Amino acid sequence: FQEGPDTSGWLPEQVNELELLKQRKRTLEIELTELRTELESLDREIREMDIGGGGGGGEAFEATSQRDKALLTGRNKFNLKPATGIAYLVEQGLLENTPAAVASFLFQSTNLSRRAVGDYFAHSKPFNVQTLEAFAGLFNFAGKKLMQALREFLGTFALAGESQVIERCISVFAKSFASQNPDFPLSADRIFVLCYACMILNTALHNENAKKDKTTRIGSPEDFQAMLERADLRDLDRAFVRDIYEDIRLQPFVNNGGDSFEDLLHSVCNVIKEGYLYKQGGKVRTWKRRYCMLHGGQLSYLADKSSNYPKGIIQLRDLGVREAPDKAKSFCFELFSHRDERIEAYKTDSSNSVVAGRHSVYKFSAQSLDDLQSWVRALTDSIQEQRFFTVKRNLSYQPQPVPQ
């Protein structure tokens with residue numbers, strides 16, 4: 001079986017044209033798959049709107065759309081000023097004004113800034129404290145190791161630096177962990193002391209200023225054991241203490257001082273799609289794993305999901321996206337300029353200076369065929385949306401008449 005014609009006697013131009021046709025065919029196949037998926041989704045929506053009859057489906061759909069918009073507005077307001085966001089959601093009837101309801105919202109909602117959640121918990125008002133307690137109760141700590149549970153809890157918000165706030169948050173965690181693990185050998189009060197000591201150890205091991213201070217140095221498991229004994233935790237198993245010390249030495253707690261670039265993007269705009277891709281280099285054609293985020297007509301790529309700054313940002317305006325087979329990688333696609341011009345993009349160089357990109361094509365490799373198709377679909381929609389807004393902006397421009 002031979003796929004396609006025999007090209008052994010063809011001219012290079014004819015071979016290139018055939019490759020372009022094959023690429024176009026693959027793109028159309030992807031679009032057909034997307035159309036089938038979209039049609040199935042529309043069929044489901046129509047069936048759901050027909051349930052109950054009476055022509056009320058349109059009103060229900062409009063109400064759902066308005067509700068989603070209000071939720072998005074509330075999240076954005078929360079990320080800028082937490083109390084204002086909560087008040088708005090309560091006013092809109094989207095959230096009950098109870099600690100349990102607010103805790104559930106903070107626990108379940110996506111696209112909330114860790115910094116904003118931490119700011120909300122930092123307040124000592126009874127309502128905020130009760131919300132923090134309810135929030136800790138939503139975690140499933142049963143049967144988990146202490147360090148695993150503590151990391152899970154602290155990973156959901158940016159813990160403020162004030163000692164009173166740290167004590168309050170750690171105390172709430174300790175009570176929740178103890179209640180869910182009744183067979184754990186330490187009481188809630190002693191868990192609190194141990195976890196607070198872990199926070200001190202984390203600072204001593206990973207804070208540059210603390211490393212220079214010999215009076216606060218905890219350079220070994222024995223030092224940590226001695227510190228715990230001074231805090232009336234003399235009966236802890238030495239292997240248990242050593243495991244905690246090594247756990248924190250090898251992996252510091254999340255940076256609670258601020259948000260990553262990913263957090264900041266989620267707090268100010270709608271991130272359409274995100275995930276790891278391999279990106280091909282410009283001068284040196286090597287592949288590097290990058291965390292990519294599609295948002296607001298741009299594709300940002302980071303060295304890692306937790307990075308504070310992007311490695312580069314690609315403007316999607318006037319670009320195209322297509323599947324691009326590669327010998328070195330599977331599931332490849334590329335962003336390209338229709339006019340073969342330099343794409344508007346920016347990156348950081350080796351000295352962390354921001355410089356303009358110099359490429360007319362950016363090539364990426366996805367993890368699977370489904371991942372490839374998902375990225376191509378999302379990028380295509382974003383590019384088309386940018387074209388729509390550009391046309392709309394141009395049409396809305398009305399030149400002023402020249403004075404006579």
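Predicted model: local features only at pLDDT ≥ 70, side-chain atom pairs only at ≥ 80, totals over all residues.

Modeller: Residues are numbered from 1 along each chain as its sequence is written, and side-chain values use heavy atoms, with hydrogens and water left out.

Biologist: How many helices and strands are there in the protein?

Modeller: Helices (H or I, at least four residues) and strands (E, at least two) are DSSP runs, numbered from the N terminus. On that basis the protein has 14 helices and nine strands.

Biologist: What share of the 404 residues in the protein is buried?

Modeller: A residue is buried under 20% relative accessible area, exposed over 50% and partly exposed in between, with a 1.4 Å probe and protein chains only. Of the 404 residues, the buried share is 38%.

Biologist: Which strand gives the most to the lining of the largest pocket?

Modeller: On a 1 Å grid over the protein atoms alone, a pocket is an open set of points where a 1.4 Å probe fits, with protein on both sides within 12 Å along at least five of seven lines; lining residues have an atom within 4 Å of a point. Strand 1 (271–280), strand 2 (287–295), strand 7 (345–348), strand 8 (354–356) and strand 9 (361–365) each supply at least two lining residues. The one that gives the most, with four residues, is strand 7.

Biologist: What is the volume of the largest pocket?

Modeller: Grid points are joined across faces, edges and corners, and the volume is the space filled by probe spheres set on the points. For the largest pocket this comes to about 770 Å³. Of its 28 lining residues, the closest to the centre are K279, G281, G282, K347 and H359.

Biologist: Why is the pair of F135 and F139 edge-to-face?

Modeller: Rings of Phe, Tyr and Trp (its six-membered ring) pair if their centres lie within 6.5 Å; planes under 30 degrees apart count as stacked, over 60 as edge-to-face and the rest as tilted. The centres of F135 and F139 are 5.3 Å apart, and the pair is edge-to-face because the planes stand at 80°.

Biologist: How are the rings of F139 and F141 arranged?

Modeller: F139 and F141 are both buried. Their ring centres lie 5.3 Å apart and their planes at 10°, so the pair is stacked.
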